[in-house]
Amino acid sequence: LLLGTIFFSTQGDVGTALNVFAKKLLVALPLFIGLISLANMLCFTIKSSVVSASIFLVLYVMLPNILATIGQLLSGDAMELMVKVGEFLTSMQLTAIGNSSLVTSAMVTNSLILGGAYLVGGTAIGLAGFAKRELH
């Protein structure tokens with residue numbers, strides 16, 4: 001996703017492409033940390049690693065497509081609701097960061113807030129699930 005900035009840059013200058021890539025990587029870093037926290041939470045709360053990996057795959061890869069399909073079937077306020085829900089998915093944020101030619105302050109703010117929310121929420125739920133689990 002982000003490597004396309006370097007390899008398919010229309011800037012013509014590798015230095016400029018690397019500069020844009022570094023900025024996009026820094027903006028995406030909080031989202032990646034939030035995703036790691038979400039994956040850890042799933043592993044702590046679900047005993048089966050296959051099930052937790054499957055749920056993570058559904059949440060990260062398939063949920064945006066499901067929401068887009070539902071949004072196309074609905075109209076009016078329900079469609080707007082699906083768009084708003086989609087804005088809180090990290091996969092949609094990472095796609096927006098990768099597709100943009102310029103890093104904006106709104107992207108940085110959204111990335112920090114969303115990544116922090118995933119980090120705090122995933123850590124709190126993971127710790128609660130881990131505390132309830134019996135250790136042998």
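This is a predicted model: local features need pLDDT of at least 70, side-chain atom pairs count only at pLDDT 80 or more; totals for chains, interfaces and linings use all residues.
Student: Does Ser37 count as buried or exposed, and why?

Tutor: Buried means under 20% relative accessible area, exposed over 50%, and partly exposed in between (1.4 Å probe, protein chains only). Because its relative accessibility is 8%, Ser37 counts as buried.

Student: Which residue has its backbone nitrogen 3.4 Å from a polar atom of the side chain of Ser37?

Tutor: Leaving out residues up to four places away in sequence, Ser37 touches Tyr118, Leu119, Gly122 and Thr123, where contact means heavy atoms within 4.5 Å. The backbone oxygen of Tyr118 lies 3.5 Å from a polar atom of the Ser37 side chain. The backbone nitrogen at 3.4 Å from such an atom belongs to Thr123.

Student: How far apart in space are Val120 and Ser37, C-alpha to C-alpha?

Tutor: Val120 lies in helix α6 (residues 105–132) and is exposed, with a relative accessible area of 59%. In sequence, Val120 and Ser37 are 83 residues apart. From C-alpha to C-alpha, the distance in space is 8.2 Å.

Student: Why are the buried residues of α5 on the same side?

Tutor: In helix α5 (residues 90–99), the buried residues are Thr90, Ser91, Gln93, Leu94, Ile97 and Gly98. They sit on the same side of α5 because the arc they cover around the axis is only 160°. The arc is taken over the directions from the helix axis to the C-beta atoms. The value that decides the matter is 160°.

Student: What is the relative accessible area of Thr90?

Tutor: Thr90 is found in helix α5. Not counting residues up to four places away in sequence, Thr90 touches Leu31, Leu35, Tyr60, Leu114 and Tyr118. Thr90 is buried, and its relative accessible area is 4%.

Student: What is the relative accessible area of Phe56?

Tutor: Phe56 is found in helix α3. Setting aside neighbours within four places in sequence, Phe56 is in contact with Leu35, Leu38, Ala39 and Leu42. Phe56 and Leu42 are 14 residues apart in sequence and 7.5 Å apart in space, C-alpha to C-alpha. Phe56 is partly exposed, and its relative accessible area is 23%.

Student: Which helix supplies the largest share of the nonpolar patch?

Tutor: The patch on the surface includes Leu57, Val61, Ile70 and Met79, and its residues have about 850 Å² of accessible area together. Met79 lies in helix α4. Helices α3 (49–73) and α4 (77–86) each supply at least two residues of the nonpolar patch. The largest share, seven residues, comes from α3.

Student: How many helices does the secondary structure of the protein come to?

Tutor: From the N terminus on, the elements run α-α-α-α-α-α. With zero strands, the number of helices is six.

Conventions. Residues are numbered from 1 along each chain as its sequence is written. Side-chain values use heavy atoms; hydrogens and water are left out. Helices (H or I, at least four residues) and strands (E, at least two) are DSSP runs, numbered from the N terminus. A polar contact is a pair of N or O atoms within 3.5 Å; within protein, one must be able to donate a hydrogen and the other to accept it, and residues adjacent in sequence count only if both atoms are side-chain atoms. Patches are made of residues with over 30% relative accessible area and no salt bridge: like charges are joined within 9 Å, nonpolar side chains (Val, Leu, Ile, Met, Phe, Trp, Tyr) within 5 Å. Accessible areas come from the Shrake-Rupley method with a 1.4 Å probe; for residues, only the protein chains shown count as cover. A salt bridge is a side-chain nitrogen of Lys or Arg within 4 Å of a carboxyl oxygen of Asp or Glu.
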